[in-house]
Structure formats: C-alpha cells, structure tokens
Amino acid sequence: MKEYSVVLSNVTKIFDDSFTAVDNVSLTIEQGEFFSLLGPSGCGKTTILRMIAGFEDPTFGNITLNGKNIIGTPPNEREVNTVFQNYALFPHLNVFENIAFSLRLRREPEDQVRRKVKEMIELTRLNGHVEKMPSQLSGGQKQRVAIARALVGRPTVLLLDEPLAALDAKLRQHMLVELDTIHDEVGITFIYVTHDQSEAMSISDHVAVMNEGEIIQLGTPFEVYESPVNAFVANFIGETNFFTGNVVKVEDEYFLLDTEKFGEIWFYKDMEVIEGQEIQVSLRPEKVKVTRDMPVAPEGVKLNVLKGVVDETIYLGNQTKYTVAIGQSYLKAFKQHVRYLFDEVIITWKDDVYVWWFADDSYVLRETGGVPVEE
Ligand code: ATP
C-alpha cells in the first residue's frame, strides 16, 4: 500500500473574508516524492505551502501529515521545514552555527550537533565554508546553507518556496541537479513551489498546475505536457499551436475539423467526438515540420500540409524556432538540429515553405472554453 505523506482535503483559504486565494484544493502527496506546485504569480502556491507549514490556517478543509490531522498544530511541532527564496540566514552566525541553530534550540548534546551538522555539510557540499559568515557566501552557497539548515532536524517533509529564484540561470540549472541528488539521498518528501515550468518539469515526480487558487491539472511532467486538459495548461507548460472549430466528419481514428483560421484539418481522435461538436486541439511546435519541398505521405499515414511564408526565425543553437504565416494566421514550428547545420537545407525569413505534421501528433483538449486562446 502506498504511504501518503501530505493530504489536503477540500482546502480553501479566504483572506479578509472576501478574497479566495486557495479554492477547494485536494491533493495527495506520496511519501518521498518530489512534488511541485506550479502556476503563475498570485495563483495561491505559497498560501498552500504556508498552510502545510502552519503559518496560515485553512478557512475550510483539512490537512493531514502522515495520516495525522495537523490543523491547529503549531509550526514548530509539525515535522515540516521550509526553505525560503530569500534564504533567511542569520547574518551574525557562521555557516556551521546557522545549520546547527535548531539543534541548539533543542539543546541536543554537542557531539550530536557536530555529527548532524557535518552530515549536512557533506550532503550540501559546503566543506571548506563552515567558518564563513553569510555575507561571505555566493548565492548558491547561501541556498545550500538554507537547505542544510532546513534538513538538519530531519523533517519528514521539506517545503521549498521558489528556492532558486534569486540565482542566475546557469546556477539555477546546477542547483536543480543538486536538489535532485539531495532529495534522492535523504528520501523525504519535497514540496516545491515555482512559477518556472522547466524547473518543475525537470525535477518533479508529480506536478500540480494551478491557476487562480485552483488546481487545473495534476499529473506527471509527461502527462501535463503531452495531455494538457485545457488551453491554460497547454500554454503554461511550454508553447503550443491551438486549433478551434467544429467537427465536420469522423473517420476511423481521425476527425476533420473546420478550423477558424486554417480551414479543414485532420486530427487524431484520442477521445470520442461527434459531428458538429466544437473542439479545441493543441499541437506542440516540435511536432510541426517546415520544408521547402512538398512532403509525401507514406501509405496509410494522415498528413496535414499547409503552404506558408516564414515570418520569423529564432536560432537557438540546438534548435530554430520558426513562425510561419499561413494567410492571415500563424503556426509555430520548432526544428531540432540533430545534424550539423551545413548538412541541412537552411530555411530563412520570407522563404516559401510547406508546414506539415502527422495527424496523430495533436491532442484534443478535454476542457474547452473559459480560457481565451489566440489561435
Ligand atoms: P507568487 O509566485 O507571486 O509568490 P503565489 O502563487 O505563491 O504567488 P500566494 O502568495 O499564495 O501566490 O498568494 C495568492 C493570493 O493571495 C495573492 O493574490 C495574494 O495577494 C493573496 N494573499 C496572500 N497572502 C495574503 C494575506 N495575508 N492577506 C491577503 N491576501 C493575501
């Protein structure tokens, strides 16, 4: 049987009797998993974290930690610790004493304190920095001290509130890998708050995508990317092309959609659809090809081919992002450079091209409406 570390049941938080910051959220986080709350600024991620930590009480609903109701339990009596974005280190204590702080508060014996702090210093690779004051540390080192300090008391859950937001992009990448390693080594539950989809995608076992206080979709990174439930998730987790229209015809595994901007297009029927139904489809740009020559569909394969003109190219080294104008509308196509560039036909701005993709490569959004989307 699976062990559940943190369970939120119908949790709502209303501030000032009027503003609903968290709206009827239910979540089950398994023991030892790396779980991310992902969503735009102000969607309620931090409020959820603060309720788990005990800094806020839910207005309605229930939270359990390892099967025990923790509503009303003060923060210091919960087996939970938090790493904040701004590190919150004690400026007058050196690295060792910052990490040792909670152990000293509990009056643990000196040899035990030394052993536990040393373990954390090894884990977070802070050897050689133990005597330094916070002001003498780099951003990445400060973050490691904050993580070591939060882990030293062996919480059963570690809450991380945008812990890497203050670091530059390269260091963030590096710290993500380190966090992953630390998580594997300590084996406790990590709940990670971020608005950065690539962070959440690269590190999490499960992701809850949030908007306006609600969880819109919960799944593995693969599920939320490949099978977004609606346009909000499809848009928030990466880039995509949307098609909206009414079903004209259903044939075997495919349906023909009369799209508002691109005319009739075949899509894969990954759910039941009926003629006349209004449907919204997401097609990831990396599934769309751009070529000078007209593609030839292999026998039995349904291909959509449109003619257009390259409107914009963004060269990123490992890939090029194309925006292609098709009449008055636009499609995005991302081309990975798997071979050397000189091997490829270079496609540039204003080129006449064919834009094409396999009908199987799209995904029908289960929830339409509610979220305005540019096609
Ligand atoms: P960010 O990524 O910007 O930190 P977030 O998703 O973590 O955003 P929260 O900090 O949970 O969002 O805030 C959710 C909403 O609740 C926001 O609109 C915020 O202004 C509001 N809010 C948070 N705390 C309080 C409070 N103590 N009193 C009133 N409103 C609050």
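Me: OK, ligand. How many residues surround it?

Reply: The ligand is surrounded by 13 residues. The closest are Phe15, Ala21, Ser41, Thr46 and Thr47.

Me: Which elements give two or more residues to that shell?

Reply: Strand S2 (19-30) and helix H1 (45-53).

Me: And which gives the most?

Reply: H1, with 3 residues in the shell around the ligand.

Me: Switching topic. What does UniProt place at residues 6-237?

Reply: The feature "domain: ABC transporter", and that comes from an unreviewed entry. In the model, the span is 36% helix and 27% strand. Its end C-alpha atoms lie 25 Å apart.

Me: Now confidence. What's the mean pLDDT of the chain?

Reply: 91, with 96% of the residues at 70 or more. As for the scores, ipTM is 0.95 and pTM is 0.89.

Me: Which elements have the lowest and highest mean pLDDT?

Reply: Helix H5 (residues 169-186) has the lowest, at 88. Strand S3 (residues 34-38) has the highest, at 97.

Me: Where is the pLDDT below 50?

Reply: Over residues 370-375. That stretch still has 11 contacts in the model, beyond near neighbours in sequence.

Me: How should I take those?

Reply: With care. Where pLDDT is low, the predicted coordinates should not be read in detail.

Definitions and conventions:
Residues are numbered from 1 along each chain as its sequence is written. This is a predicted model: local features need pLDDT of at least 70, side-chain atom pairs count only at pLDDT 80 or more; totals for chains, interfaces and linings use all residues. UniProt positions are given in the numbering used here, feature names are shortened, and annotations may be inferred rather than shown by experiment. Helices (H or I, at least four residues) and strands (E, at least two) are DSSP runs, numbered from the N terminus. A residue is near a molecule or strand if its C-beta atom, placed from the backbone, lies within 6 Å of it. pLDDT is the predictor's confidence in each residue, from 0 to 100. Two residues are in contact if their C-beta atoms, placed from the backbone, lie within 7 Å.
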